[in-house]
Amino acid sequence: MRLLVVVSLSLIAGCTSGPPVEVTLLWESTAVAMAPVDIDADSSDEIIVYDSDNYIVGRDQQLQVSSASLRFTRDSRLAGPPQARGETLMWAPRVRNDSLFLQRLWHGRELFCCEVPRVPANDFWDGSVRQVEVADICGDGRPELIAAVQAGFARRPRGIFVFDLNTGRRVWDYPLGPNPEMFLLRDVDRDGRPEVFVGTTAPGNGSTAKGTDDSHTYVFCLRHDGTLRWQRVVGTFGQTAAVGWFGDRLLVHEQGLPVKEADPDSIFLLDPATGVISASAQVGCFGRGAVNLDDGQLAVVAASDDTLRVYDAGLQVVRKRPIGEFGATGICRGSYTAPGKVEFAVATTAGNLLLFDDRLRLRAKAAAGSVCSMFPLSHKGRQRLLLFLPLAPTRAWRLYEFNSLPLLSRQVSVGTLLAGMFLLVLVFGVALVSIRYHQLRDIRTVVRGLTGQAGIVEIDLRGEVRRCNPKARELLGGEDLPDGPLAQAVKAALAEPVGSEPRELPVALAGGRAVLARAVRVRSGVMLTLEDVSAVEYLRRVNVWMPVAQRLAHDIKNPLTVISLALQRLEQQAAAGGARHVETARAEIDRLRRMADGFMRLTRLEPP
């Protein structure tokens, strides 16, 4: 039975093993950079596109122009991806001559960031602005612009720069030895002024600043005024420390290539107030990305050892799944098939795009190529996925959409579907028969256990005995019903409808046995029970004769006492010849006394 169920479930799973989610490539385009932003505040993102002609254009998700374009002059170039923070705060970092600017898109305003050196070999600065955010971190009611500036072989400037958004004045900057990869803002002191949490990458080209170097990866916490609150080393050369929130703790995930000097742990949970590590774990060979599942209770980590792992709040593995794609290169969370549904897309080394749900079940698979970056785009309450493929013949960008498929729309053959349905019906039929069999077996077991002192006789609709238990054979002296009251009771019960009240009658059987017979009409015929009441009948009769025996014994013993005393006197007065007659009379008196004692013992239910 179990084997049949397993085979059935396997075949049914095979019937539905076609991809439950369809992956559709909406378009492929070339551009220097793209960035999602909701320009018109309609809950669906548009795309800022920077093309090879130095134009920055806002386009919708069909790549139609949706806003005005901006063209950089020939003496300037883009220095990092466009940064969008709402409809009116869209920025593009650009380099002109020896200066780095943040260009506010479509408003004609630029903000001077810093001077930049040129790399002699290439005669240009090889840095970029990695991230831009706008927040009131000084707590003075005026917004500031926070920028993370990276540099390659030029080695400077590197660090976090903060500017007054209205005046463009630099408020403060904090130089770093490693490159800032990303930063987060959160007010951990609850004083209305958020701290800046920075994750870094270690390119290893000799840069140093404030006691740090770019041969190690650090995590920094900076106060609102640009002073250091704490810093911690978490990795070494060739690695990146990505930061995120895991509930109220800071999740630090090392990404990059494993090296001999690397710390064996590659995922950490830090206290954001002190930087103290509260938990750490090793993520396979090396991590490639991490996303939260349910607001800081579970996190999914994609690793280069070809495994997905789900960690709890103590960084203990609660689930894991091999990918079978030679490792992951990136992971991106979103609601791709339905609004509010937790899913995550994984790009693999084998060039495929995988979609998983929150239980690590594979929902979709499609060929995508060598993916470098992944961006979710909001569209009608759910997300599409924008991919950047730098190793294509050109700098390719692709937009994918995920749609759930009904069962009949999946690629399943009719024969396989019919076989699965037939096997499913067969399993249900066998299950019902098995359940019925076990029910009848249990009923019979209970009847045998409860009626060990009663005879059970099953009689079919023709009045013939089908089976009977050992007690019934003992009472009947065989397996046949004797003619008489029992046969008449069975015949009368067969004439009644199923479920009628049982017929009861006392019957005297051969051998002096007295039984109480009950005939019950059932679907299969008549169920006859014979309860042996011989012992009950004996006790009833004894109970009736007990006062009679007690009275009779009393009436016999009273005159025997008087006769016995008279014989004693007569023996004293009689001559020698009369003593023989006295002895005879005394023997008869003793016999009568024993009879009276027997009656008395009967009244006390003692054996005679």
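**View 1. Strands β30 and β31 form an antiparallel pair in this predicted model.** Five bridges link β30 (residues 343-348) to β31 (residues 352-357); two strands count as paired if DSSP finds at least two bridges between them. Strands are DSSP runs of E with at least two residues, helices are runs of H or I with at least four residues, and both are numbered from the N terminus. Within this pair, Ala347 lies opposite Leu353 of β31.

**View 2. An open sheet of four strands contains this pair.** The strand order is β29-β30-β31-β32, and the pairing is antiparallel. Pairing on one side only marks β29 (328-334) and β32 (362-367) as the edge strands. On average, neighbouring strands of the sheet are turned by 20° against each other, direction ignored; axes are lines fitted to C-alpha atoms, and angles between N-to-C directions run from 0 to 180 degrees.

**View 3. The largest nonpolar core comprises 20 residues.** Such a core is a set of buried Ala, Val, Leu, Ile, Met, Phe, Trp, Tyr and Cys residues joined through side-chain atoms within 4.5 Å. Buried denotes under 20% relative accessible area, exposed over 50%, and partly exposed the range in between (1.4 Å probe, protein chains only). Leu100, Leu102, Trp125 and Leu145 touch the most other members. Two or more residues each come from β8 (90-96), β9 (99-104), β10 (109-115), β11 (128-135), β12 (144-150) and β13 (159-164). A second, separate core has 18 residues, among them Leu475, Leu481, Leu486 and Val515.

**View 4. The surroundings of Leu100 are shown by its contacts.** A contact requires heavy atoms within 4.5 Å. With neighbours within four places in sequence left aside, the contacts of Leu100 include Ala79, Arg94, Val95, Leu111, Phe112 and Trp125. Cys113, Cys114, Val116, Val129 and Val149 are also in contact with Leu100.

**View 5. Arg594 is located in helix α6 (residues 579-603).** Arg594 counts as exposed because its relative accessibility is 54%.

View 6. Of its 608 residues, 42% are buried. Among contacts with a separation of 6 or more, 44% join residues 24 or more positions apart.

**Notes.** Residues are numbered from 1 along each chain as its sequence is written, and side-chain values use heavy atoms, without hydrogens and water. In this predicted model, local features need pLDDT of at least 70 and side-chain atom pairs count only at pLDDT 80 or more, whereas totals for chains, interfaces and linings use all residues.
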